[in-house]
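Please look over the sequence and the structure shown here before reading on.

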Amino acid sequence: MAVNIYSPADGKYVRLEDVHDSTFSSGVMGACFGIEPEKGVVYAPADGKISMVFPTGHAIGFTTDNGLEILVHIGINTVELDGKGFQVLKKEDDKVKAHEAVIQFDMDAIKTAGYETTVITVFTNGDDYEITHQMAADVTRNSVTAKAENTSPAV
């Protein structure tokens, strides 16, 4: 079963190699892409459940209905803000629908503190999936940015 992965933010699409954080752009955490956000809201990228929320509010994990694990990380090195500027709207184990707001963040405060606001989406168990990126310059929370189909053998 293929799952559509929607943009977690409205803004400009950023390819993996253009993300300004080598941990992400190297692909060591998994296939990923970024969004330069136009506003400070992160949306669920797919139907599923929230598998984890970082205590600082700068990152949130999802598990889709077909088992794909997605990490959405707000900004570069924003863990150092210790939660300032982030408001988590959902909690771990909450079921979510694609396009549902899950975190609000203060873009101006993050930039004033000297950090980038790129919203990074990582497929942390992407090796078990065929992921096809659907790149477009401008995206909204309604834009399909990837399709993921589970390729691991059935248990």
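Which residues does Thr145 touch, not counting residues up to four places away in sequence? Before the reply, a word on the basis: this is a predicted model, in which local features need pLDDT of at least 70 and side-chain atom pairs count only at pLDDT 80 or more, while totals for chains, interfaces and linings use all residues. Residues are numbered from 1 along each chain as its sequence is written, and side-chain values use heavy atoms, with hydrogens and water left out.

Thr145 touches Ile5, Tyr6, Ser7, Tyr13, Phe33, Thr132, His133, Gln134 and Val139, where contact means heavy atoms within 4.5 Å. Thr145 itself belongs to strand S14, residues 144-150; strands (E, at least two residues) are DSSP runs, numbered from the N terminus. With a relative accessible area of 0%, Thr145 is buried, a word that stands for under 20% relative accessible area, calculated with a 1.4 Å probe on protein chains only.

Two of these contacts, Tyr13 and Phe33, lead on to the aromatic rings. A pair of aromatic rings is described by the distance of the centres and the angle of the planes. Rings of Phe, Tyr and Trp (its six-membered ring) pair if their centres lie within 6.5 Å, and planes under 30 degrees apart count as stacked, over 60 as edge-to-face and the rest as tilted. A search of the whole structure finds two aromatic pairs. Tyr13 and Phe33 form a stacked pair, with 5.3 Å from centre to centre and 10° between the planes, and this pair links distant parts of the chain, since Tyr13 lies in strand S2 (residues 11-14) and Phe33 in strand S3 (residues 31-37), 20 residues apart. Both Tyr13 and Phe33 are buried. The rings of Phe33 and Phe123 have their centres 6.3 Å apart and their planes at 45°, so this pair is tilted; Phe123 lies in strand S11 (residues 119-123), 90 residues from Phe33.

Elsewhere to follow is a sheet. Three strands form an open sheet in the order S4-S10-S8, with antiparallel pairing, and two strands pair if DSSP finds at least two bridges between them. Strand S4 (41-43) and strand S8 (86-88) stand at the edges, each with a single partner strand, so one side of each has no neighbour in the sheet. S8 pairs with strand S10 (residues 101-105) over three bridges in the antiparallel sense, and Phe105 in S10 is the bridge partner of Phe86.

Methods. Helices (H or I, at least four residues) and strands (E, at least two) are DSSP runs, numbered from the N terminus. Buried means under 20% relative accessible area, exposed over 50%, partly exposed in between (1.4 Å probe, protein chains only).
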